[in-house]
Amino acid sequence: MDLESVKKYLEKGGGDDDKNGSTIEGLPLRFYERFIMQGIHVDLIEPGRIICSMKVPSRLLNSGNFLHGGATATLVDLVGSAVIFTLGAPATGVSVEINVSYLDAAYAGEEIEIEAKTLRVGKAVGVVSVELRKKESGKIIAQGRHTKYLAITSKM
């Protein structure tokens with residue numbers, strides 16, 4: 001996937017042609033991805049690295065009124081998957097492992113930065129690191145590591 005397509009994927013919250021879209025009547029395809037990623041802006045994209053920013057929307061807050069851990073993990077998943085595409089991977093498969101260390105809180109309206117870097121992209125597995133920071137201070141909110149199975153194309 002070329003860099004412009006990866007940027008469009010992130011800013012639009014996924015493609016319209018996903019065969020694994022929502023099966024719940026009335027919800028659009030890939031509802032969850034769009035729900036989390038709405039408002040994300042790609043600030044830098046290059047092979048093996050993406051930096052995005054977004055203001056924390058109130059829809060992603062937990063009962064403590066800060067960014068929900070599930071939303072944080074989803075951002076690690078989605079932006080981490082997207083950075084694999086910047087190296088030309090035609091597709092990714094399922095997540096093999098995701099871990100997230102939560103280090104600080106981000107509140108509604110606060111601007112955050114999400115930086116994803118590829119650590120290794122091989123034939124069958126890709127590993128990335130994703131860091132969420134407060135944009136103003138650079139203070140780390142969360143650090144994640146994501147391992148993805150890479151769909152192997154048939155040689156037949």
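The model is predicted, so local features need pLDDT of at least 70 and side-chain atom pairs count only at pLDDT 80 or more, while totals for chains, interfaces and linings use all residues. Residues are numbered from 1 along each chain as its sequence is written, and side-chain values use heavy atoms, with hydrogens and water left out.

The chain contains three helices and six strands; these are DSSP runs numbered from the N terminus (helices: H or I, at least four residues; strands: E, at least two). Of the 156 residues in the chain, 40% are buried. Buried means under 20% relative accessible area, exposed over 50%, and partly exposed in between (1.4 Å probe, protein chains only). Contact means heavy atoms within 4.5 Å, and residues 24 or more positions apart account for 64% of the contacts with a separation of 6 or more.

Glu11 is placed in helix 1 and counts as partly exposed, at 30% relative accessibility. Its C-alpha atom is separated by 7.2 Å from that of Gly39, 28 residues apart along the chain. When neighbours within four places in sequence are left aside, Glu11 is in contact with Ile40, His41 and Val42. Helix 1 spans residues 3-12, and its buried residues are Val6, Tyr9 and Leu10. These residues lie on the same side of helix 1 because they cover an arc of only 95 degrees around the axis, the arc being that of the directions from the helix axis to the C-beta atoms. An α-helix has 3.6 residues a turn, so residues three or four places apart point the same way. On the other side of helix 1, Glu4, Lys8 and Lys12 are exposed. The N-terminal end of helix 1 is capped by Asp2, with a side-chain oxygen 3.1 Å from the backbone nitrogen of Glu4.

The whole structure holds 11 salt bridges, each defined as a side-chain nitrogen of Lys or Arg within 4 Å of a carboxyl oxygen of Asp or Glu. In one of them, the closest N and O atoms of Asp104 and Lys134 are 3.9 Å apart. This pair links distant parts of the chain, with Asp104 in the loop between strand 3 and strand 4 and Lys134 in strand 5, 30 residues apart. Lys134 also forms a salt bridge with Glu110, at 3.3 Å. Glu110 lies in the loop between strand 3 and strand 4, so the pair ties together parts that are 24 residues apart in sequence. Lys134 counts as buried, at 14% relative accessibility, whereas Glu110 is partly exposed, at 21%.

Glu115 is found in strand 4 and is buried, with a relative accessible area of 9%. The side chain of Glu115 makes a polar contact with that of Arg133 at 2.9 Å.

Val94 counts as exposed, at 57% relative accessibility.

How values were computed: Polar contact = N/O pair within 3.5 Å; in protein donor to acceptor, adjacent residues only side chain to side chain.
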